[in-house]
Amino acid sequence: MRAVLTMAVLLAAAANAQARVSQVFPTDDATVSSAYPDTNWWNAGVLLAAYGGAGADVRHAYLKFALPPARPGEMIKNASLQVYSADPGRAFTHWVNLYHVGSDGWNEFALTWSTAPAHDAEIIASRQVRQSHRTDFLIPATVFAADSDGVLSLALGIADESGADKQLAFHSEESWSSPRLTVVYGPYAPIPEPETWATLAAGLGILGALRRRPRA
Ligand SMILES: [Ca+2]
Ligand SMILES: [Ca+2]
């Protein structure tokens, strides 16, 4: 019981504590294309997430960020990737998926479809992107708990890579409206395992029952 109370107090304290925010720009970004597997576009002004055309070309945008280290007692609570879509002449929207990339062993000067590390299968976030708008993809703490080497590689792709042609263009780091990552730091608190949450929920249930019990 005391452990449950302590945890509830700690969680409340963590939620109220001051967060610190840091904004970073990509160290590397480039598009890869299945139809042009050996072509590199490191300095293109746009990043593409696309599907279609002759040969059912798949294009993914890769981005890499060097994360400012957490201060003692801190951890990354979450982050959001902001991208700014280009191509104002194309008035359409598409769903775009954000993926984590496990390997950071790539750089924009050499990145091609053939050399690109695979992205994870799990989707971090999926957002409907409109042309000429900013889109924010939220990246939860679990991503940073699993990838704690201080470098974050990400990939963006069209959610539905089938059927009709789809393309979205985003400003790249070489453009005037670079993608950016807003990283939120807060007091260190381990991410509870599911069974811990179950214990906490049961404990809060007991507290609620005690509170409702009429006084003698
Ligand atoms: Ca680039
Ligand atoms: Ca990494």
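Which residue stands opposite Asp 57 in β4? The tour below reaches that residue at its second stop, after a look at the whole chain.

**Before selecting anything**

This is a predicted model, in which local features need pLDDT of at least 70 and side-chain atom pairs count only at pLDDT 80 or more, while totals for chains, interfaces and linings use all residues. Residues are numbered from 1 along each chain as its sequence is written, and chains are lettered from A and ligands numbered from 1 in the order in which they are written.

Colour the protein chain by secondary structure, where helices (H or I, at least four residues) and strands (E, at least two) are DSSP runs numbered from the N terminus. The chain has three helices and 11 strands, arranged along the sequence as α-β-β-β-β-β-β-β-β-α-β-β-β-α. Of its 216 residues, 26% are buried; here a residue is buried if 20 or more other C-beta atoms lie within 10 Å of its own, exposed if 12 or fewer, and partly exposed in between, with C-beta atoms placed from the backbone. Two residues are in contact if those C-beta atoms lie within 7 Å, and among contacts between residues at least 6 apart in sequence, 83% join residues at least 24 apart.

Residues 46-52 are strand β3, which is mostly covered, five of its seven residues being buried. Two strands pair if DSSP finds at least two bridges between them, and β3 has antiparallel partners in β10 (residues 166-171), through six bridges, and in β4 (residues 57-66), through three bridges. On the β10 side, Tyr 51 has Lys 166 as its bridge partner; on the β4 side, Gly 52 stands opposite Asp 57, which settles the opening question.

Now move to the hairpin of β3 and β4, where four residues lie between the strands and Gly 53 takes a positive phi near 75°. Most residues other than glycine have a negative phi. Ala 56, in the loop between β3 and β4, has a positive phi of about 50° although it is not a glycine. Ala 56 counts as partly exposed because it has 13 C-beta neighbours inside 10 Å.

**Select 20-24, 74-84, 134-140 and 180-187**

Four strands form an open sheet in the order β1-β11-β5-β8, with antiparallel pairing. Its edge strands, each pairing on one side only, are β1 (20-24) and β8 (134-140), and neighbouring strands are turned by 20° against each other on average, direction ignored; the strand axes are lines fitted to C-alpha atoms, and angles run from 0 to 180 degrees between N-to-C directions. Seven bridges join β5 (residues 74-84) to β8, and in β8 the bridge partner of Asn 78 is Pro 140.

Leaving aside neighbours within four places in sequence, its contacts include Val 21, Val 24, Ile 76 and Ala 79. Pro 68 is 115 residues away from Val 183 in sequence, yet their C-alpha atoms are 8.7 Å apart.

**Select the core**

Finish with the largest nonpolar core, of 39 residues, in which Ala 49, Ala 61, Tyr 62, Leu 81, Leu 154, Ala 155 and Phe 170 touch the most other members. Such a core is a set of buried Ala, Val, Leu, Ile, Met, Phe, Trp, Tyr and Cys residues joined through C-beta atoms within 7 Å. Show the surroundings of Ala 61: not counting residues up to four places away in sequence, Ala 61 touches Leu 47, Ala 49, Ala 155 and Phe 170, among others.
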